[in-house]
Amino acid sequence: MSSQEIPEETLPAGQDTAHGAVTVADDPFADPGLPPHKPRIQDIDERAARRSERAVAFMFTLSMLATIGFIASYVIFPVDKIVYIFPFGRVSALNFALGLTLGAALFFIGAGAVHWARTLMSDVEVADERHPMAATPEVKAKVMADFAAGAAESGFGRRKLIRNTLFGALAMVPLSGIVLLRDMGPLPEKKLRSTMWTKGLQLINMNTHEPLRPEDVAVGSLTFAMPEGLSEHDEHFQTEIAKAALMIVRIQPEDIKDKRELEWSHEGIVAFSKICTHVGCPISLYEQQTHHVLCPCHQSTFDLSDGARVIFGPAGHPLPQLRIGVNDKGFLEAHGDFEEPVGPAFWERG
Amino acid sequence: MKKLSARRRHPLAAVVVLLLALAATGGLYAAFAPAGTAKADETAQSLAIEEGKKLYSVGCASCHGTGGQGTTDGPSLVGVGSAAVDFQVGTGRMPAQQPGAQIPRKKVIYSQAEIDQLAAYVASLGAGPIAPTEGQYSPDGADIAKGGELFRTNCAQCHNFTGEGGALTYGKYAPSLEGVDPKHLYEAMQTGPQNMPSFPDTTMPEKEKKDIIAYVQAVNSDKADSPGGLKLGGLGPVSEGLFAWIFGLGALIAVAIWVAAHTAKAKKS
Amino acid sequence: MSTVTNTQKKAPAGERVADWADGRLGIYTLAKANMRKIFPDHWSFMLGEVCLYSFLIIILTGVYLTMFFHPSMNEVEYAGPYVPLQGQLMSEAFNSTMHISFEVRGGLLIRQIHHWAALIFLAGMFVHMMRVFFTGAFRKPREINWLFGFLLFFLGMFTGFTGYSLPDDLLSGTGVRFMQGAILSVPVLGTYLSMFLFGGEFPGGDFVARFYSAHVLLLPGIMLGLVVAHLILVFVHKHTHFAGPGRTNENVVGMPLLPVYMAKAGGFFFLVFGVIAVIAAIASINPIWAIGPYRPDQVSTGAQPDWYMGFAEGLIRVMPGWEINLWGHTLVLGVMIPLAIFPAVLAAIAVYPFIESWITGDKREHHIAQRPRNAPTRTAFGVAWITAYMIMLVGGGNDLWATHFHLSLNSITWFVRIFFFVGPVIAFIATKRICLGLQRRDKDKVLHGRESGIIKRLPHGEFVEVHEPLSQGELHRLTAHEQYAAAELPPAVDENGVERKIGRMEKLRVKLNKGYYGDDSQIAKPTVEEYKEIQSGHGHH
């Protein structure tokens, strides 16, 4: 699509080139030119001008006082002093004082300068000519000739061997930089497919850090659990809990609609991954009457009484369930790892 | 187990459960009641139950049934315990005014004495969580920081970082915890009102509930500090964004209008 | 050569310094062109300055913050003065942010200025961009500057996002988790990108340090370069101005840089800084102590990003959960589609100048800022775009709308799903009609004069309102805008009877052009003949 094909007549007639006061008697819409300058009160009344001068100086003085106030506040108020100031509440005295004094010190410099410009500096409007951005044909011809001469002298177009090897070298040299990025992180391998959970690991209550017993978990209650052997002081705690966190609820077995869910539960105690299958927020807004669990980030809603099926929102698949049972000491334990990757979906998930 | 659950909906089931529950409360009470004052307490207790029953039949029976067995308009109160009554009536949620996604907190219409009588009556219907004493819920001496961690694990997902409340599905919501009595906070965790799950002592011991209450008091009460200035509802980036647009950019545009405006001329033409 | 300087009288010190500098930098030549540069007065022309100054404020305060902030994810136990976190485990990044907020005197103020300025910077850029859009100030020769500005807005969003993530608090950590989940959804490469960005599995121990170098060096470095280029182009092109008496496409009317704009623009920097400092004194922002340190198994309701990411947040919230499993691979459409729509919607506004100039075929320079009503289709498109943007902002805060207006979260989500498509259409139609209505009103005003509010009773009893004729300047202002004639396809056969080849693109162009300049897309300007006929006496209305 080149511009030449566009018929000129669709464009409006050339913009009004007339400037200055050209009153065309025939054209009531013609540009009358810049209106004559009208004086401000300060331009004609020296007393008003002096009033403005004093106002500007007053503002600059206020700024100086505010800076002194800033330094004084810095020295006077301890950093932990809290005061009640209506309507802001119980705020830090230092933050409040420093902010207001700094704000005033800056604002009054600006206000003074602007008031000065508005009342005392000339307010005669001036017109500046514009010039087209594009160069004149002569300039363009000169540049093209220079370029042609330079290009010819370099032999860039003629010596193809040089040109092609240069392109090759330039294309290849960034590869070194890309190769260096390799050690930014490990390859994914199967890391996202497994969590810390293995057969026999007890479910540890996140509140008490004690193993959970089935009788601890009442219908309608909500408990969070992590695998036995994980401690908040572990170096990899954050990375492990990001996958292993569990949400434990108890549902009357006859209310569980999904057969597999019931099978993997212990007397209605079900353990679901706490990590949302949408983008990985810890999902745990459990409504105990509906058994719905909502994600606070993007509102995916899962039905915990029906295999954690997605019933609303952007998640694409149910929350993975951990198969649990009771060990011989009477504590809840995992019967293995999750059978599918926890958290958000990814290309290799399948 | 299966046999039992199959008979769960038998017409007489409620009666059986009621009798069993009554027997259980009676038994428990007999076991735990302090020996010396048992007699006096017993009469006071039965008086309270009597009074509570009268209040119940006027204010509650139309929805929860004459014997607390529940109707289509309200759930059974057998086994909900005095803690649930104290919470529901003590926060004004009960008696409910109109059906909706959720029963809201309202003005309390019963006195604490009446609430206690109602609680005593409902507790007599079947064993359930018992309303806590001040020693149980008072936040004095609790570990605020531990409470904060527990709050973020168990509560913040619905009630927000500092208990400002949040949305649930289909018009339900987790209410703001601002100004909620420590006792009611405790009872809510204990009983799990409406759609809130419960956090029973078996999974969240009494001490931890106290820690949580202490944290809520520290960050969301009129004594809570907000060193940076206006809290903007404690809602995070949405209210901050609105503030930046309206007051930040708004103020700057007002200033810009002043800077760019032409100064008043000496004479009007 | 140098021996010639044999001055009788020593020049004043200032002049000598300037001479010295001129000999090395050529400042006189520079000053000759720019010292009395003219800037037009209009409040909306200062929006760009709001952005420039808030950017400078962010850099100044940011440098201060780097002196105390530790970009490290090593776990430490908090031992500072804030009681509700004492003894809690947190990363050093969070701990040092707590230190800045509670122990460094003025640290909290600088943190709050930095963050408020960032929100205002982005908001300012948004409004500035809209000002340029609606006045057509992006037209030749300013298309490249429009792109620079757009890139600044786009990079500003990511600079903001990386900064918001640095304190490693529970809210921003949730945002980073979202980002990681979104990266995972990228087909084929997703898991690799995530592993490389986070140095392994989420959250790992690297991302704060990596985001830090992006936030304080890489992104602001690029932005600084773009800001300089943007300003140079503003100087080279000279500012646009609105049409009016004496204000044409060939001149720029206003006040000179020295002294008026030196004082006004320089003063405005202090005004902006002062206003932001006062805001930082009275309003809390991102109180990380109330939010707590990040743990991937904890979360709070109301988990939202800063406002400029709210549009993306809305898209991701209202998208249905589509997921396709095929041949052992998963296509996470529920995350990928919003991830693609987000840049696409932004790109739509970025490339608009090129599309419009293709449709109009106009390759001339334009220095007159148009009134939005005189470009109804463009204005309607812009309002439709803003409508889509705002509806997604609503979607991004759907939970807060639900709690504060007692609505159902699910209904709001459905509303947003539908109105993201319907809303812009309604906005487009309504805006276009409003623009045409305003054009008609202008025409009436030109032809019949201003309604004076004076009621006159004619001898035969009729009441009429006296219309005052407009001044010539006002007449000119209301008729100065250009009107294009709608494009027509050339006849199917040329003068020799040979069938003409008309490309499909050309057909599309003509169709779109009719949408812009057809009969129902603009009201013909009043002509001199119409005016004279009415003014000559007959026809009072």
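This is a predicted model: local features need pLDDT of at least 70, side-chain atom pairs count only at pLDDT 80 or more; totals for chains, interfaces and linings use all residues.

Trainee: How many of the residues of helix H5 of chain B are buried?

Mentor: A residue is called buried when 20 or more other C-beta atoms lie within 10 Å of its own. For helix H5 (residues 81–90) of chain B, that holds for ten of its ten residues. Among them are Val85(B), Phe87(B) and Val89(B), along with Asp86(B).

Trainee: And what follows H5(B)?

Mentor: Gly92(B) does, and its phi is positive, near 80°.

Trainee: Now between chains. How many residues meet where chain C touches chain B?

Mentor: Count the residues on each side: 55 from chain C and 52 from chain B. On the chain C side, the elements giving two or more residues include helix H5 (107–134), helix H10 (257–282) and helix H17 (409–448). That side has 33 nonpolar, 18 polar and four charged residues.

Trainee: What about chain C with chain A?

Mentor: There, 108 residues of chain C and 93 residues of chain A take part. H10(C) gives the most on the chain C side, with 18 residues. By class, that side has 55 nonpolar, 37 polar and 16 charged residues.

Trainee: Which strands of chains A and C are joined by bridges?

Mentor: Look for strand E3 (residues 126–129) of chain A and strand E5 (residues 251–256) of chain C: they run antiparallel and are joined by four bridges. To find the pairing by eye, go to Glu129(A), which stands opposite Asn251(C).

Terms used. Residues are numbered from 1 along each chain as its sequence is written. Chains are lettered from A and ligands numbered from 1 in the order in which they are written. Two residues are in contact if their C-beta atoms, placed from the backbone, lie within 7 Å. Ala, Val, Leu, Ile, Met, Phe, Trp, Tyr, Cys and Pro count as nonpolar, Asp, Glu, Lys and Arg as charged, and the others, Gly among them, as polar. A residue is buried if 20 or more other C-beta atoms lie within 10 Å of its own, exposed if 12 or fewer, and partly exposed in between; C-beta atoms are placed from the backbone. Two strands pair if DSSP finds at least two bridges between them.
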